[in-house]
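My comments are set out as numbered points, and I have kept to what can be read from the coordinates.

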Amino acid sequence: MNEDWKFERRRSRLVEELREKGIVNERVLAAIGRVPRHHFVDQAFHLRAYNDEALPIGLKQTISQPFTVAFQSQTLAPQRDERILEIGTGSGYQAAVLCEMGARVFSVERMRALFDRTRPLLKSLGYRVNTLFGDGMDGWGSMAPFDGIIVTAGAKEVPDLLRRQLKLPEGMKSGGRMIIPVGPGEEQIMTLVVRLGEDSFESVELDAFRFVPLLGNTVG
Ligand code: SAH
């Protein structure tokens, strides 16, 4: 039996919960209301897929908590057809949310096993994400520049190569922006970096979050 209606009800409750927690961007809420998060976790976690919690996806990695996905998406605020680079494809859930918002999504993952699992999953759900197996610390040079970059693992500092793949400001249009959790320890400060010029960046520190670490090199 098709049980998607059960998940639909849970999903709209999650959207209400995120609204209560302070998410105001209607495009973000609508996107979360559409993405079937249960397909991005193991069957064993289906009943928890619409709780506002991070869940394991294997290999010591997690699918981010919906609030975190909503917060990052809201801060990034991708407009239709903007080019967005995600570092850390993981389960593919965040990439799917960005697709639902109309962005052109590019996503890099360093673990072969996750890359091999998520790429066909996104395709089968109809999400057109350009995926790359590689070290996201290097960004995706051949696809740069980007209107936005979203890093979904905790970085010790902002990788210079990444911020250099943000678009330069042009006329009335401001430069590219990056949302990245930064911090040396287990907790990171969500940071918004905006490109102001060739060598000039502005950064604004937002709230504290906990992410799995951004690590260099590829695995597998
Ligand atoms: N956006 C994901 C979050 C997954 S957790 C989701 O929605 O499910 C973070 C992911 O970042 C993990 O899959 C981890 O393997 C990956 N990661 C960590 N360091 C990386 C790097 N340097 N390059 C690419 N991916 C990286």
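Predicted model: local features only at pLDDT ≥ 70, side-chain atom pairs only at ≥ 80, totals over all residues.

1. I begin with helix α1, residues 4-20, and its partner α2, whose axes come within 8 Å and cross at roughly 155 degrees. Angles over 145 degrees count as roughly antiparallel, and α1 and α2 are therefore roughly antiparallel to each other. The crossing of this pair is right-handed.

2. As to the residues that make this contact, α1 contributes Arg 11, Leu 14, Val 15, Leu 18 and Arg 19, while α2 contributes Glu 26, Leu 29, Ile 32, Gly 33 and Arg 34. Sorted by class, the contact of α1 with α2 has five nonpolar residues, one polar residue and four charged ones.

3. Helix α2, residues 26-34, also packs against helix α4, residues 93-100, at an angle of about 120 degrees and with the axes 9 Å apart. Because of that angle, α2 is oblique to α4, and α2 passes α4 in a right-handed crossing. On the α2 side the contact is made by Ala 31, Ile 32 and Arg 34, and on the α4 side by Tyr 93, Val 97 and Glu 100. The residues of this contact comprise four nonpolar and two charged, with no polar residue among them.

4. Helix α4 has a further partner in helix α3, residues 66-76, and here the axes come within 11 Å and cross at roughly 40 degrees. With that angle α3 is therefore oblique to α4, and the crossing of α3 and α4 is right-handed. Val 69, Gln 72, Ser 73 and Leu 76 of α3 meet Tyr 93, Gln 94, Val 97 and Leu 98 of α4. In this contact five residues are nonpolar and three are polar, and none is charged.

5. Turning to the ligand, which residues lie closest to it? There are 27 residues surrounding the ligand, and the closest are Glu 86, Ser 91, Glu 109, Gly 136 and Leu 215.

6. A backbone N or O atom of Gly 136 lies 2.7 Å from a nitrogen atom of the ligand, and a polar side-chain atom of Thr 152 lies 3.0 Å from a ligand nitrogen atom. A backbone N or O atom of Gln 94, in contrast, is placed 3.1 Å from an oxygen atom of the ligand. Gln 94 is also one of the α4 residues in the contact with α3.

7. Two details of the backbone deserve a look on the display. The peptide bond from Ala 144 to Pro 145 is cis, with omega near 0 degrees, and Pro 145 has its place in the loop between β5 (129-133) and β6 (148-151). Lys 60, although not a glycine, has a positive phi of about 65 degrees, and Lys 60 is found in the loop between β1 (55-58) and β2 (61-63).

Methods: Residues numbered from 1 in each chain as written. Heavy atoms only, no water. Axes fitted to C-alpha atoms, helices over the stretch in contact; angles between N-to-C directions. Helix = DSSP H or I, 4+ residues; strand = E, 2+ residues; numbered from the N terminus. Parallel < 35°, antiparallel > 145°, perpendicular 65-115°, else oblique. Left-handed = near helix turned anticlockwise from the far one by under 90°. Contact = heavy atoms within 4.5 Å. Nonpolar A, V, L, I, M, F, W, Y, C, P; charged D, E, K, R; others polar. Near = heavy atom within 4 Å. Polar contact = N/O pair within 3.5 Å; in protein donor to acceptor, adjacent residues only side chain to side chain.
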